[in-house]
Amino acid sequence: MPEPFEPLESYGEEGRAIASTGAGGASDLGTAEAETLEQHPSAASGGRAPGAPEGTGADKKPRSLWSDAWHDLRRNPIFIISALVILFLVIISIWPSLIASGDPLDCDLAKAQEGSQPGHPFGFNGQGCDVYTRVVYGARTSVTVGVLATLGVAILGSVLGGLAGFFGGAWDGLLSRVTDVFFAIPVVLGGLVLLSVVTSATVWPVIGFMVLLGWPQVSRIARGSVITAKQNDYVQAARALGASNSRMMLRHITPNAVAPVIVVATIALGTYIALEATLSYLGVGLKPPTVSWGIDISSASQYIRNAPHMLLWPAGALAITVLAFIMLGDAVRDALDPKLR
């Protein structure tokens, strides 16, 4: 049985207005509502309402993970300060003569262990070399070792871990057991054993050692990230459409799995700089005539009572550099971690 018709007056003021004006009244109400929507286009078109986050309106495309991370990093003072410090280190590593006109190997034994003098603000070391010049030129060695070791570790670890996470099976099991073996080797002890037989004074043996013992950490991070990414719906859809393994890895999995690797590599860069200084201090890393903060700290440790400036300046430069890279890595991690949003 059809429901009884309800009078328009039962709908309140609008119903009574329509009832009193007839069909024309409904047309007038529709016109008034259209005028209201014209005054507030966000309600009709889905535009961004006042106070809504930027990039959420219908006329704006949603930001990707990388653009959203960059948006946050630009407003993070820790990132800005650490990035400026690292930029300064990179510049003086490439062009140390911009702020140091002397030669780090030009020494005068008559000035050994002397303090600050005009033109030599950091004083002289035990061989009469200018400490300021050696600190500036030592940045080149530390940054070079840190950057190249990080690149080698990130590339090797990402490739091995990514393949193990994507294919799984026997390859995954073999890689897991190999990484367990490398994790069992103490880094400093391994450096003392492996680098003690190397006679080269270049940075390549140190870089090779860091890559050899550093890739397992990145490999495990990359493996877990790839395993998580390949279970997403878009990867399964690409597989159902007949996409090849290489296409899925390069187009769908890698862009969405590389963020954790970038975070770990950024933080590890400062760690590798500190490791190079530690090995050089112990006498198995870089060797003279290479200019290194670790070498200068090692040679100055025996004069810390009589000439503390020989130790404080290179140690301070090393501490600031490592801290800058760790702060940069923390800022990048906070920007790329969706759980912190």
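This is a predicted model: local features need pLDDT of at least 70, side-chain atom pairs count only at pLDDT 80 or more; totals for chains, interfaces and linings use all residues.
A residue is called buried when its relative accessible area is under 20%, exposed when this area is over 50%, and partly exposed in between.

A search of the whole structure turns up one disulfide. A disulfide is a covalent bond between the sulfur atoms of two cysteines. Here the partners are C107 and C129, whose sulfur atoms lie 1.6 Å apart. The link of C107 and C129 is right-handed, with 70° about the S-S bond. C129, at 3% relative accessibility, counts as buried.

Attention now turns to the nonpolar cores. The largest of them has 32 residues, and the members that touch the most other members are V135, I273, W293, L318 and L336. Several helices supply this core: α4 (65–73), α5, α6, α12 (259–281), α13 (293–300) and α14 (309–336) each give two or more residues. Which element gives the most to this core? That element is α14, with 12 residues. Another core, of 22 residues, lies apart from the largest one, and its members include A149, V206, V218 and Y272.

Note on methods. Residues are numbered from 1 along each chain as its sequence is written. Side-chain values use heavy atoms; hydrogens and water are left out. A disulfide is a pair of cysteine sulfur atoms within 2.5 Å. Buried means under 20% relative accessible area, exposed over 50%, partly exposed in between (1.4 Å probe, protein chains only). A nonpolar core is a set of buried Ala, Val, Leu, Ile, Met, Phe, Trp, Tyr and Cys residues joined through side-chain atoms within 4.5 Å. Helices (H or I, at least four residues) and strands (E, at least two) are DSSP runs, numbered from the N terminus.
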